[in-house]
Amino acid sequence: MAELTYLQAISDALRTEMRRDKRVFVIGEDVGVYGGAFKVTLGFQEEFGAWRVIDAPLAETAIVGGCTGAAMMGMRPVAEMQFADFISCAWDHLITVAAKQRWRVGTPVPIVVRLPSGGGFSGGPFHSQNPESSFAHVPGLKCVCPATPEDAKGLLISAIEDPNPVLYFEHKHLYRRIKGEVPEERYTIPIGKARTHREGDDVTVVTWGAMVYTADEAAQQLEADGVSVEIVDLRTVLPWDKAAVIESVRKTSKVLVLHEDTRTGGFGAEIAATIAEEAFEDLDAPVKRIAAPDTPVPFSPELEKAFLPQVEDVVAGLRDLAGY
Amino acid sequence: MATDTGVDVVMPQMGVSVSEGTITKWLKREGEHVEADEPLLEISTDKVDTEVPSPASGTVTRILVQEGTTVDVGTPLALIGDSLAAPADEPTAPPEPEQAAAEQPAEPEPPVSPPASAEPVQEAVAPPPPSPAPPEPELPPVSPAPAEPTAAPESVNGKTFVSPVVARIASEHGVDPQTVPGTGRGGRVTKRDILDFIESGERALAAVPETPAPSPTLPPVSVTPPPASTAAPTPRVPQAAPPSSPAAPPAPSPAPAPVAAGGETLEPMSAMRRGIAEHMRRSLDTSAHVTSAIEVDMSKVVGIRAKLKSEYQSTYGVNPTYLAFIARAAVTTLGEYPYVNGEIRGDMIVTRGYVNLGIAVELADGKGLIVPVVRNAEGLNLLGMARAIADVAARARSKQLTPDDVAGGTFTITNPGGYGTFHGTPVISQPQAAILGTYALVKRPWVVTDELGEDVIAIRPIMNLTLTYDHRLVDGALAGRFLRPPPERLQTWGETDY
Amino acid sequence: MAVAQRAEPVGSLTEVREAGLDQEDLLQIYRNMLLTRGIEERGHILYRQGKIPGSFYTGRGNEAASVGVATAMGPDDVGAPLHRDMGVHVVRGVEPWRIFAQFMGRADGPTHGKDGNVHMADANLGLIAMVSHLPAMLPVATGCALAFRIREESRVAIGWFGEGSSARGDCHESMTLAGTRALPIVFVCDNNQWAYSTPTHLEYATEHVADRADAYGFEGVVVDGTDVLAVYRAAKRAINKARAGGGPTLLECLTLRMEGHAVHDDAFYVPKEMFERWAESDPIERFRTWLQTNAELTDEHEAEIVSDVKKTLNDALRRAEESPLPDPETLADGVYATPEDLETPHHK
């Protein structure tokens with residue numbers, strides 16, 4: 001076991017796989033010489049060479065589409081989008097070609113696209129988004145959102161192993177702030193399985209990514225009120241662990257869905273609708289959602305604070321639910 | 001049959017408490033022409049005899065109910081075809097509202113407690129005289145009641161709002177959420193509340209009961225249950241509960257804890273006890289409780305029962321209890337008195353074509369009460385009734401009742417007489433309109449007419465029957481009339497009757 | 001100002017031999033062209049009979065370009081042909097009955113009814129199925145070439161695109177990546193001069209699409225797309241070059257789209273003279289004449305070939321019509337791949 005930051009865990013996973021399997025290669029803007037905008041691939045080109053750590057032109061469609069072609073030829077490409085926000089440039093390729101190839105013609109597309117996502121550091125509208133809900137809507141893709149270093153490593157390895165296109169949302173704000181124990185050996189975390197981050201009896205919070213920590217802080221405050229909060233970290237948004245969520249709802253009968261992405265059409269809506277549909281008779285309160293408001297991500301810290309769900313927001317929401 | 005185009009002539013309601021009317025005379029025959037407003041038939045009701053004017057002009061195409069038949073208010077009596085407009089006026093004919101006031105309004109009855117004190121309570125019963133009395137303008141119960149009927153209140157309005165999970169748990173356990181103390185917003189029952197309630201009830205029921213069932217006396221049955229009626233969260237209480245307060249952390253009792261004075265002992269009320277207390281109070285607050293009583297000479301039944309007993313036991317494995325006989329007689333009579341089997345819902349009166357008979361069952365040392373329901377009791381004969389009662393009683397005691405078993409009761413029979421009491425005034429199980437009490441069979445000196453037509457004293461087994469009824473719906477006269485047939489049936493029970 | 005080279009026509013049989021084709025090869029090419037046209041003509045009839053749902057596209061006039069390039073591919077090379085490139089499927093060995101089954105949306109078609117038209121490909125034959133968003137397959141073909149480069153395999157990827165789709169970013173990005181990295185890919189532009197109703201001068205501002213190649217750092221060649229041998233030779237050169245590490249080529253095959261964009265389009269916007277002029281240059285006619293002139297193709301032999309093709313098509317059609325309609329229960333099958341799906345020759 002080693003104590004690694006979230007970022008180090010991601011690097012560790014990538015390095016482990018590249019050492020183990022020659023088919024794995026990395027391609028993206030500034031990933032080679034520069035080591036990646038966030039230094040996830042620092043030292044990689046020295047170790048693996050320029051043809052396995054490829055500095056791509058500023059051309060997301062070519063990057064992601066190129067990965068698809070290479071994957072069809074037996075490689076296991078891992079593309080890095082410099083910011084998750086730029087995935088919109090390759091959106092067409094992902095949903096038109098990559099997502100549909102297996103279903104249409106039987107050809108699997110085992111690619112991974114790493115997406116540094118999320119806000120909290122004045123990144124502004126184009127460097128702070130959480131675009132998972134756009135892709136959660138596309139059959140054929142998978143979307144994972146680890147919150148802990150341990151999950152970050154295991155899920156990236158699973159993503160590389162998975163024969164489907166996997167979008168890997170790594171939350172930038174967790175990169176260096178979060179440390180955790182990470183097994184040194186190679187291991188996988190199953191895609192599609194949630195994790196109980198915190199056990200509780202009175203209210204359930206369903207969340208993922210950086211919001212897991214926001215929820216946790218809020219839960220600690222609620223504990224002092226005598227309210228026991230359970231936190232379910234989805235870890236995968238598509239396919240999401242419905243069974244785990246329903247089980248928790250059956251236990252507590254009160255649920256708050258929390259995500260950093262904006263509210264309308266955010267993935268929380270799917271979760272809330274499913275809970276209402278399948279666990280109606282287990283509900284002791286309406287299903288609540290807390291999410292960012294329906295605006296682009298603002299730049300100025302004052303505004304960003306009003307945009308991102310804060311601990312106080314979650315505390316208030318939980319208190320409201322608990323007292324219902 | 002012919003097309004239905006035509007105007008219905010229906011039995012009018014001559015006064016609020018009138019539930020039925022009898023056709024005394026048709027003034028027109030089938031095929032005859034009648035003008036709108038022209039008298040069409042004569043009827044007789046509890047309150048008044050009157051003519052019914054035709055709602056339309058046209059031909060009497062069909063007469064549906066014959067002279068001499070008594071039908072419920074609203075029953076179609078005839079069809080008038082080829083009518084020309086004439087929106088029927090309510091035969092709210094004459095100024096015949098009610099003579100409600102004539103009877104004593106319900107006095108607050110002392111809540112009946114189980115077996116204990118059977119005070120020879122004063123009968124706050126109305127004298128029976130049917131009809132006459134000058135009509136007085138009724139207090140309109142029909143007014144836009146502040147009572148919101150169904151529809152759950154806009155927001156969480158206290159007790160009346162039941163969340164899905166609470167509704168489900170209530171249904172699964174046969175608990176009426178209305179009886180559960182609530183700590184949620186606005187006093188609503190939360191999941192925790194109902195689970196606690198059930199748990200404490202289960203602890204109470206843990207010590208299971210003795211008496212399987214029938215003994216020569218009536219099954220030990222107790223009074224006034226906190227019945228589990230339909231799980232549907234229809235507000236029973238016309239008044240709104242106190243508005244919700246902003247969410248506070250769920251704290252149980254806000255009231256300051258009572259203190260024991262010297263010589264006193266304090267024990268906490270169990271959740272079940274609290275539930276019972278709440279329901280009793282609410283029932284008395286809701287219904288206008290009045291009790292009428294009548295005595296029954298059970299000698300015939302005693303004899304028949306003795307004859308049937310061994311046959312029933314050996315062939316059917318069931319005891320033909322006195323309760324079965326009484327239930328049979330009562331259910332049959334209910335068919336003729338729908339209001340006694342009815343319900344006030346908002347400002348509507350609900351009547352049914354069926355009787356779901358609640359049988360109050362006491363559980364273990366007065367720790368619990370439950371009222372399982374025999375559904376469609378009107379379709380049961382004596383044997384069927386005996387079986388059904390035995391079955392629900394047994395299952396009640398062994399905690400094997402299903403949610404359906406405790407829901408939907410329309411009338412209840414209770415027996416406080418198992419301990420020897422000869423009279424009582426049970427509390428009505430909401431939202432029903434009445435509850436029949438049966439009491440100890442007591443040998444009394446009784447005046448009978450001998451074969452020479454002379455009055456002599458005989459020793460007869462006499463049982464008192466009470467009907468506690470909601471005077472909002474059932475008047476004393478009606479109650480009195482209802483109470484006549486059952487004793488008659490019991491007193492003339494034939495060997496071949498069933 | 002034209003920058004691209006012009007490929008010369010192939011004159012004699014000797015030149016042909018130099019290009020690596022013998023008599024048999026030539027006759028096979030001829031047969032493939034006939035088969036290509038025959039499949040599409042048959043399909044057109046089926047469509048008008050209501051047996052093919054949706055829409056129907058043909059590559060009439062592109063038989064030489066598609067067959068020519070495909071014939072130049074090596075067995076381990078891969079390509080992503082488009083809807084005018086039926087000839088590529090034929091040359092690579094896709095059975096005609098499967099093509100008909102695909103058109104008719106039958107369960108035995110390559111996509112089992114999940115996609116239609118020529119949105120199909122047999123991965124075992126080194127083909128990648130196209131999508132509607134064009135030229136979305138160019139980044140994919142470029143990625144294949146990238147894989148070959150990373151693994152230092154002497155395989156080449158072929159990416160097809162139309163002159164219309166050359167306007168779109170995918171084309172530029174692919175060529176940028178391929179050019180900067182000298183990847184082993186040949187970009188084949190089917191320039192049939194009309195993108196639906198849009199003429200070439202509204203799709204690109206240079207004289208040829210191939211003129212752009214220079215901007216990406218590689219060679220552009222324009223060839224008469226109705227001359228199968230000229231196409232073959234130009235394609236062979238480009239493929240060999242790529243295989244040898246010489247990087248990409250943009251090969252532009254010039255033809256005229258002889259039918260509408262789809263068969264529901266009567267192409268009223270194409271001047272009659274254009275149709276007339278290019279009809280004189282019909283690829284199959286041209287090649288027959290050349291074979292008769294330069295390769296001693298007799299009438300009998302030709303008739304044999306024609307009759308054989310006809311029989312093949314009849315058999316194929318019959319077999320396709322026996323294939324059942326897809327079971328709705330299979331709708332959700334295969335949305336996600338399983339590890340077993342990776343057991344293919346390509347995913348080593």
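Here are some notes for a first look at this predicted model.

1. Some ground rules. Residues are numbered from 1 along each chain as its sequence is written, while chains are lettered from A and ligands numbered from 1 in the order in which they are written. As the model is predicted, local features need pLDDT of at least 70 and side-chain atom pairs count only at pLDDT 80 or more, whereas totals for chains, interfaces and linings use all residues.

2. Start with confidence in chain B. Its average pLDDT (the predictor's confidence in each residue, from 0 to 100) is 75, and 69% of the residues score at least 70. Residues 84-157 of chain B stay under 50, and the model has 134 contacts beyond four places in sequence for them; two residues are in contact if their C-beta atoms, placed from the backbone, lie within 7 Å. Residues 207-254 of chain B are also below 50, with 144 contacts in the model beyond near neighbours in sequence. Where pLDDT is low, the predicted coordinates should not be read in detail.

3. Now chain A as a whole. It has 12 helices and 14 strands; helices (H or I, at least four residues) and strands (E, at least two) are DSSP runs, numbered from the N terminus. Take the contacts in chain A between residues at least 6 apart in sequence: 80% of them join residues at least 24 apart.

4. Leaving aside neighbours within four places in sequence, its contacts include A:Val203, A:Val205, A:Lys288 and A:Ile290. A:Val287 is 31 residues away along the chain, yet its C-alpha atom is 6.1 Å from that of A:Leu256.

5. Where chains A and B meet, 15 residues of chain A are in contact with 13 residues of chain B. The chain A side has 6 nonpolar, 3 polar and 6 charged residues. Here Ala, Val, Leu, Ile, Met, Phe, Trp, Tyr, Cys and Pro count as nonpolar, Asp, Glu, Lys and Arg as charged, and the others, Gly among them, as polar.

6. Helix H4 (residues 299-316) of chain B has a kink of about 40° centred on B:Leu308, the bend being the angle between axes fitted to the seven residues ending there and the seven starting there. B:Lys300, B:Val301, B:Arg305, B:Leu308 and B:Tyr312 are its buried residues, and they pack against helices H5 (322-334), H6 (382-397) and H8 (485-491) of chain B. Just after H4(B), B:Gly317 takes a positive phi of about 70°.

7. Chain B also has an open antiparallel sheet of 4 strands, in the order S1-S8-S6-S3; strands pair if DSSP finds at least two bridges between them. S1 (7-10) and S3 (33-34) stand at the edges with a single partner strand each, so one side of each is left without a neighbour in the sheet. S1(B) pairs with S8 (residues 76-81) over 4 bridges, and B:Pro76 is the bridge partner of B:Val10.

8. Finally, helix H6 (residues 137-151) of chain C is mostly covered, with 14 of its 15 residues buried. Just after H6(C), C:Glu152 takes a positive phi of about 55°.

Conventions. Buried ≥ 20, exposed ≤ 12 C-beta atoms within 10 Å, placed from the backbone.
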